[in-house]
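Please keep the sequence and the model open while reading.

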Amino acid sequence: MPDRILIRGGTVLTMEPGARPRLADVLVEDGLIAAVAPGLPDDGADVVDASRCIVLPGMVDTHRHVWQTQLRGVTHDWSLKDYIRSVRFQAAVFYRPQDTYTGNYLGMLEAIDAGVTTVLDFSHCVNTPEHAEAALAGTRDSGIRSMFALGLNDVPVPHPHFATLEQRIEHARTLRTKELPSDGGLVTMGISLSDVLVAGIERVTQEVAVSRELGVRITLHANAVMFPQPVSEVAFLDEAGLLGPDLVWVHMNQTTDEELRRVADTGGAVSTTPETEMQMGMGHPAHGRFMAVGGRCTFGCDVISNNSGDLFPQVRLALQTERMLRNDAELARRHGPDDIGPSTLSHLEGATVNGAEALGLRSRIGTLTPGKEADLIVVRGDAPNTLPVNDPVAAIVLHAHAGNVDTVMVAGRILKRDGRLLADPARRLALMDESHGHLFDAIEAHGGLIPQPPAPLPW
């Protein structure tokens with residue numbers, strides 16, 4: 001592929017603060033954005049025609065369990081309790097390393113196809129070191145940018161390879177030293193913590209300590225379960241002195257405003273995954289309240305076992321849900337709202353530059369700024385659902401879908417062009433058929449997705 005690529009004649013959203021949409025070219029040289037300006041000469045570059053298109057930074061998904069791709073749609077009518085029983089307690093047990101490879105490879109291709117160029121992969125099905133290696137191999141083979149958040153949680157396999165937390169910590173140290181030593185690579189390392197309410201604050205304190213020793217981002221599920229008496233992971237970590245700017249908190253639906261303020265004040269990020277949160281009974285998405293106390297919203301697709309890996313509907317659903325909640329306050333006064341908020345721009349920022357900042361990558365990606373790495377997407381503005389483009393931000397946030405993504409570039413490498421992924425479709429099918437067959441045969445042989453009677457849960 002040429003070292004020089006020219007994205008010509010699109011409406012460019014750089015996502016830089018205060019920048020307005022403009023007709024311009026984007027020149028990419030050696031994987032970096034070299035210039036954004038109208039009328040740039042091609043000088044032998046590979047030219048991508050972006051006329052009637054919108055050019056913007058690739059989207060950043062801050063929370064996704066990528067390994068679950070083979071389980072697509074199995075939890076479509078289920079609560080969080082049944083998700084835990086079927087996926088975490090049952091399906092995860094039967095994943096082989098090659099299944100993890102397939103889940104990550106095909107799951108990352110799904111993300112790329114939808115214009116997502118970076119994923120925080122909350123990888124909490126690491127049954128052996130080989131599972132982690134397979135997840136990394138699948139991710140790397142896809143070409144996407146990713147933060148691989150190694151799960152330190154236990155998986156309920158009959159004969160666990162990792163019998164103690166110390167063994168998982170040693171594996172994390174080895175992975176950091178040998179596989180992911182650099183924070184400047186396309187795939188970088190993070191840690192996903194055990195569930196605090198299952199593992200206890202003492203174990204999680206050890207997990208946070210080793211994560212900080214390794215110098216990596218930390219992510220955790222929090223405040224998404226309704227207990228008869230309020231229980232808060234944020235409060236537990238705050239009391240233990242563990243809050244900080246390296247934490248990416250996920251869900252947070254039951255979090256109080258004061259706890260959200262503590263997270264914002266200590267520099268933490270929040271990832272909202274509205275589709276799973278609203279279906280599975282976690283509560284109202286919390287990103288609007290987080291924004292109100294000074295935080296910045298980010299979004300994730302969460303589980304492909306429930307919904308698609310397309311970030312467009314997550315951003316749209318989050319925006320309109322928050323608008324509904326704000327409008328409700330006015331309607332409760334028997335008064336129609338005079339203005340509508342938050343803005344579409346705030347949520348496009350959430351899917352791009354805010355996501356990059358949450359992952360500690362804002363100096364590298366998130367805006368189309370010369371010198372940054374060239375993660376960008378080209379979205380058709382001439383499709384039936386986007387034509388005419390009166391406002392390019394509105395077109396992306398409220399009208400576009402994955403099928404409108406024409407071109408996807410990660411670190412200067414084109415992974416989707418003319419609306420088609422460049423990965424081998426026959427290989428995708430073969431990998432999925434083999435892995436899906438194995439997993440569902442094994443699950444069926446061991447009582448189905450939810451063996452009866454259902455496993456009891458304490459909420």
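How do the residues of the lining of the largest pocket divide into nonpolar, polar and charged?

## Basis of the report

The model is a predicted one, in which local features need pLDDT of at least 70 and side-chain atom pairs count only at pLDDT 80 or more, whereas totals for chains, interfaces and linings use all residues. Residues are numbered from 1 along each chain as its sequence is written, and side-chain values use heavy atoms, with hydrogens and water left out.

## The largest pocket

The lining of the largest pocket divides into 21 nonpolar, eight polar and six charged residues, where Ala, Val, Leu, Ile, Met, Phe, Trp, Tyr, Cys and Pro count as nonpolar, Asp, Glu, Lys and Arg as charged, and the others, Gly among them, as polar. A pocket is here an open set of points on a 1 Å grid over the protein atoms alone, where a 1.4 Å probe fits, with protein on both sides within 12 Å along at least five of seven lines, and its lining residues have an atom within 4 Å of a point.

The volume of the largest pocket is about 710 Å³, a volume being the space filled by probe spheres set on the points, which are joined across faces, edges and corners. Of its 35 lining residues, I84, R88, D195, V198 and W459 lie nearest the centre. At least two lining residues come from each of α1 (80-88), α5 (196-199) and β10 (217-222), these elements being DSSP runs numbered from the N terminus (helices H or I, at least four residues; strands E, at least two).

## The second largest pocket

The second largest pocket has a volume of about 460 Å³, and among the 24 residues that line it, M15, E16, A19, L345 and E349 are the closest to its centre. Helix α12 gives the most to this lining, with four residues, while α13 (353-358) and α14 (392-399) each supply at least two.

H347 belongs to helix α12 (residues 344-351) and counts as buried because its relative accessibility is 0%, buried meaning under 20% relative accessible area with a 1.4 Å probe and protein chains only. Leaving aside residues up to four places away in sequence, H347 touches H287, M291, C297, F299, V315, A318, L319 and P342, contact meaning heavy atoms within 4.5 Å.

Terms used
Buried means under 20% relative accessible area, exposed over 50%, partly exposed in between (1.4 Å probe, protein chains only).
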